[in-house]
Amino acid sequence: MDHSLQPSIASSTSNSPELAPLTSLLDKIIRHGGFELEYRIRPSGRPAEDSDSPEIIVELSGGDSDLLLEKNAQLLNAIEDILLKGARLPEGAAGMVGLDCNDWRRVRAEEIRLTAQMAAQHVIETGQPYTLNPMTPRERRIAHLALKDRPAVRTLSEGAGRDRRVVIFPAEPDSSGAPPR
Amino acid sequence: MEIKELLEAIAKSLVDNPERVAVRAVEGEQVTVFELRVDPTDLGKIIGKQGRTARSIRTIVGAAGMKLRKHFSLEILE
C-alpha cells in the first residue's frame, strides 16, 4: 500500500523540477520501507536574514511520526541524509531543503540556539571552553551561526563522525595566557 | 514491505554505476542478512564520510525491520 500523498505545491520554488528526484526517492523509501508516512512540501517561512534553516521543508506526517523522531530523530536524519545525497540536487540546493516532522526541526533549532547562548555566557564568565553535545552537521551550523555575532567567543567543531561537537572558546587568551585553540 | 527494493532504490540513487547494484537476501531464523554489492569505485559513495551514509542506510532498513518485528542486517560488498 502506498501511503505517500502527492506533494502539495506550496510555492513556485517547491514546484521546481529540481526537487523531482528527491520526491521520487522519498516515495520509494516510504513505499518499499512500509512506512506509514505522507508528506507535503512547503516554504519554511524563515525570515530573509535567517540563513541557518532551509528555505523548503518536506513535512512528513502519519502513523510512523513517532518512529521518525525516536532517538533524537535518528530516522528523520537518516532519510534526510540519503535524500540529499541520492537526489543529487544542484550545487547549493541541498542546503535549501530539509525534512521535518511535527515541527521538530524548528523546536530543535531553537533549543540549539538557546543552549549555545547559555554556553557562550558560561565561557565568557569562566574563561573556560565549553563543549556542546554531539550534533549533526546541520545542527552544528545552527550553533556556529547563533554565536557568530558574539565577539567574546569563537566556535570550532571537533571530533569525528557521530561524536563531532561544537566547542565554544573565549576569544581572548585564557587565564593561563594561552590563546584559545 | 520490500526491503530488497528499498535497498536497491537507495543504493542506485547514490552510485555512479546503478546497473552494478545488486542486493541478495539470506534469510536465517532470527535475522535476514542483506548483501549489497556495488561497483568498487562506488563503495565510498555507499559508505560515506566516516561511514555516515552506510549508517543512514542501516537506520532506515532497521526501522523498516522494527515495523515487521524482524531483525535485518546489512553487509556492503564490492
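1. Two strands are taken to pair if DSSP finds at least two bridges between them; strands (E, at least two residues) and helices (H or I, at least four residues) are DSSP runs, numbered from the N terminus. In strand 3 of chain B, B:S73 is the bridge partner of B:V33. Strand 2 (residues 31–37) and strand 3 of chain B pair in the parallel sense, over 7 bridges.

2. This is a predicted model, in which local features need pLDDT of at least 70 and side-chain atom pairs count only at pLDDT 80 or more, while totals for chains, interfaces and linings use all residues. Residues are numbered from 1 along each chain as its sequence is written, chains are lettered from A in the order in which they are written, and side-chain values use heavy atoms, with hydrogens and water left out.

3. Between them, chain A and chain B bury about 2,000 Å² (accessible area, 1.4 Å probe, lost on being put together and summed over both). Carbon and sulfur atoms account for 63% of this area. On the chain A side, A:H32, A:I82 and A:R88 lose the most area to chain B, together 29% of what that side buries.

4. In terms of contact (heavy atoms within 4.5 Å), 25 residues of chain A meet 24 residues of chain B.

5. The two chains are joined by 4 salt bridges (a side-chain nitrogen of Lys or Arg within 4 Å of a carboxyl oxygen of Asp or Glu). A salt bridge links the side chains of B:R52 and A:D81, at 3.8 Å from N to O. Helix 2 of chain A gives the most to the side of chain A that touches chain B, with 10 residues.

How values were computed:
Buried area = accessible area lost by both parts, 1.4 Å probe.
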